[in-house]
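I opened the notebook to look up salt bridges and a domain contact. The entries below follow the order in which I checked them.

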Amino acid sequence: MMRALHAFPGGLHLETHKEKTCAESSLLQPLPERIVLPLQQHIGLPAEPIVGMGERVRKGQMIARASGYVSVPVHASTSGTIVDIGLHPVGNPATPDARCIVIEPDGRDEWFEIQPVHEYASVDPRELQAVIRDCGIAGLGGAGFPTHVKLNEGVENAVDTLIINGVECEPYITCDDRLIQEKATYVVAGARMIAHAVQAKHCVIAVEEDMPQSFAALEKLVEDDIELVKVPTRYPAGGEKQLIKMLTGFEVPSGGLSIHIGIVVHNVATAAAVYRAVTRGEPQVSRYVTVTGDVDRPRNLQVLLGTPIHDCLRTCGFREDGEARIILGGPMMGTHLRRLDIPVIKTTNCVLVQPAREPAAELPCIRCGDCVDVCPIKLLPQQLYWHARSDDQDEAQRYHLFDCIECGCCAYVCPSHIPLVQYYRHAKSRIAAAERQRQGADHARTRFLARNARLDRQERSRNGALPAAAGADIAEKRAYISDAVERVRDRRLQRDPNQGGDD
Amino acid sequence: MTEAAFISSPHRHGGATITAVMLRVALALLPGILLYAWYFGIGILIQCVLAACFALALEALLLKLRGRPVGLFLRDGSAVVTGLLLALCIPPTTPWWMVLTGIIFAIAAAKHAFGGIGYNPFNPAMAGFVFVLLCFPREMNSWPAAPGTLETGLGLGDSLRAIFLPGREMVDATSGATALGYMKSRLGLMGMISEIRADPVFGTFGGRGWEWISAGFLAGGIALLVMGIVKWHIPAAMLIALTTVSTGFHLYDADVYASPIFHLFGGATMLGAFFVATDPVSASTTPRGRLIYGALIGTLTYVIRVWGAYPDGIAFAVLLGNAAAPLIDHHTRPRVLGESGSGA
Ligand code: SF4
Ligand code: SF4
């Protein structure tokens, strides 16, 4: 039975430029001279190193452990010696340097002994979660959200539909396409495991219309338990909210999570990583990266985490005459890289080389409304811009600034060439900063109130008014999670590249 | 690698520019302008060139005075469109200094005093036109006689003389009124529409000659819709509102209230609907707001034409619509994806 698709508002037809890389099999990127593994490759708290200088480690060995609930461990991506634990450039515009563990490979690429889980279907979902967390899997789609946290949401809430997202809507990027073509069995098996882990009623794998080989590969493997769907090629069809809208007709509540409407979305690469973690006990130590654009041999590479971007570029025939602009990610949402010695991490999906062009001069907004027509969230980008520019934070929020997914559709069509997304990011980080300040003052009071409430609860349960503390326990855990997610979001906003220049 | 400035996503652009938009708007005016020249002589072409040149020169001067990059802003082409629209609103024999007055008001007072392109709350061309209309009511109401009522339209020599050497004895040919004006004054004298329509100033369905010029603007407007330069909301709402209101009154008393076709093709309706009311800077900017805005202008146009002091109401209606636009925008913010109240 074919699922009836719904349309999402706005969006763009973009030239895909995928033909360069989607038909060629991926290459194994050779071992680099040094592996640099940032302790934070995910959203959340950085992992804590558990190895010392000079220690010998093997591939797949945990070298830093998760430091909290919203955190994932880091594993050595090859065998070798730890030569440094300290600050290294990671290419993040706001915090250019971050703590990393550096490994000097011994060239043998020896695996740590690994313990697979047999018969996942009989395993308790929570146990599966723990396996996934211990294998360091964090949203490979790009956001880097710890997979086990999402799974946990799924365990705690009833999941109607699990969506495995293979929709690579950004131009140029084909790493998921290649992964599906080459590892379709992993994807499908991983999807089944995640479906079991969250006890989903339905499971859908979605790919784009222009990924016929992937579709064919998956079609051979899926059975009645998994629905395979082709969605139209339209940017940003792979955005979580857009994909959910298309597949189910439901809208993720503004400011809410998809789980609130019983939907969990995971990327295809995450599904493949889960499969490896569960059946083979293999942690996440490598990933597919598309290297494309202005290079001689555009290609998908299988890259060990921690390999410098520069090495990947070199493999693909990058000409180093210095005039190119390197984008990490796709042309619509990627980040501009200013140095190339930074490592590939769990969220690195694409390295795009494009000619450095002078940005066109920015003219005033003429209120043409072209941006309104393409905004997939149905925002009014021109009004948002107006309020963001004049730093009117209340109005900007009234116009739903925080619902903006920074897809860039608005800026793409703007005849005045206004870098709208830049204004929104800037405004978001300013509002987040103001919010933090306010919260600083509120925090003490909240804690005080929380303590009173707890004492009160204890008092009442002692008096038999409440059944034990089980309920309270869950509530507290929930609060902790939402608190952590909140903090994570703050930090993400903080990473905004423009926040330094409060001009 | 060099430490280049950080560049924010997206790293691609669709290639649209204001210049391209304005160029297409100007091109879309062409069919109407050519038909205008065909029916009423070469004067309108001189007027268009003159007004556009004045507008460009003044824009350059003001940009310079305000210390803005002259070349960059001049290239956007908005001044040319303002000039063309103003020229199309005034009689083709208007003396050059009146044109200049209108342009000065449009570019200096209505545009740059507010901060230049993007910041003007009122449509500059309409503001300039209304200004000269108030200053020189007599000249602004001496239109060329209907084609076919005299031997020819005004030739090149006569047009040049009327524009550049005004004050001489005006040629008889310019004493006429437009169909709307004629209709208005005769209705004021208790004439019946059936009799009034017999006058040679009327054509098949609008003013003689003017009806085809309107059709030219309609064609240009449709081209803009097809190219996606203009969105359908404003013209559609405006024309539908005008049609609805005029049909209602026409059915009520056909002897006093002219037919909807006459309103659609008489006067500046088509020019207003596709080229003036749609000026994005001064219009409402939300999809729903645009419908309200268009309907408001359509209705006001009718009200001013029938009960107001001026034969045509487009310019006033647009300016009133401009004034209401911020309020309309404020109340018509669309429901964003996932905002409560959503039927999933
Ligand atoms: S597309 Fe650009 S110029 Fe047009 S309304 Fe949006 S922000 Fe303004
Ligand atoms: S970047 Fe934000 S405002 Fe612009 S189109 Fe995307 S969601 Fe809408």
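I looked up A:Glu406 and found it buried, at a relative accessible area of 17%; buried means under 20% relative accessible area, exposed over 50%, and partly exposed in between (1.4 Å probe, protein chains only). A:Glu406 forms a salt bridge with A:Lys428, with the closest N and O atoms 2.9 Å apart. The term salt bridge stands for a side-chain nitrogen of Lys or Arg within 4 Å of a carboxyl oxygen of Asp or Glu. A:Lys428 also counts as buried, at 5% relative accessibility.

I noted how the model is handled: it is predicted, local features need pLDDT of at least 70, side-chain atom pairs count only at pLDDT 80 or more, and totals for chains, interfaces and linings use all residues. Residues are numbered from 1 along each chain as its sequence is written, chains are lettered from A and ligands numbered from 1 in the order in which they are written, and side-chain values use heavy atoms, with hydrogens and water left out.

Next I checked A:Arg319 and A:Asp296, whose side chains meet in a salt bridge at 2.5 Å, N to O. A:Arg319 lies in the loop between α8 (309–315) and β15 (324–328) of chain A and A:Asp296 in the loop between β13 (286–293) and β14 (299–304) of chain A, so the pair ties together parts 23 residues apart in sequence. Helices (H or I, at least four residues) and strands (E, at least two) are DSSP runs, numbered from the N terminus. A:Arg319 is partly exposed at 38%, and A:Asp296 is partly exposed at 48%.

I then looked up A:Asp160, which forms a salt bridge with A:Lys201 at 3.8 Å between the closest N and O atoms. A:Asp160 is partly exposed at 31%, while A:Lys201 is exposed at 63%.

How many salt bridges does the structure hold over all chains? I read 26. A:Arg56, A:Asp106, A:Arg108 and A:Glu110 are linked in a network of them.

Last, I turned to chain B, which is divided into domain 1 (17–176) and domain 2 (178–330), with bounds from an automatic or database domain assignment. Domain 1 of chain B and domain 2 of chain B bury about 2600 Å² between them, 82% of it on carbon and sulfur atoms. Buried area is the accessible area (1.4 Å probe) that two parts lose on being put together, summed over both. Across this interface the rule finds 0 salt bridges.
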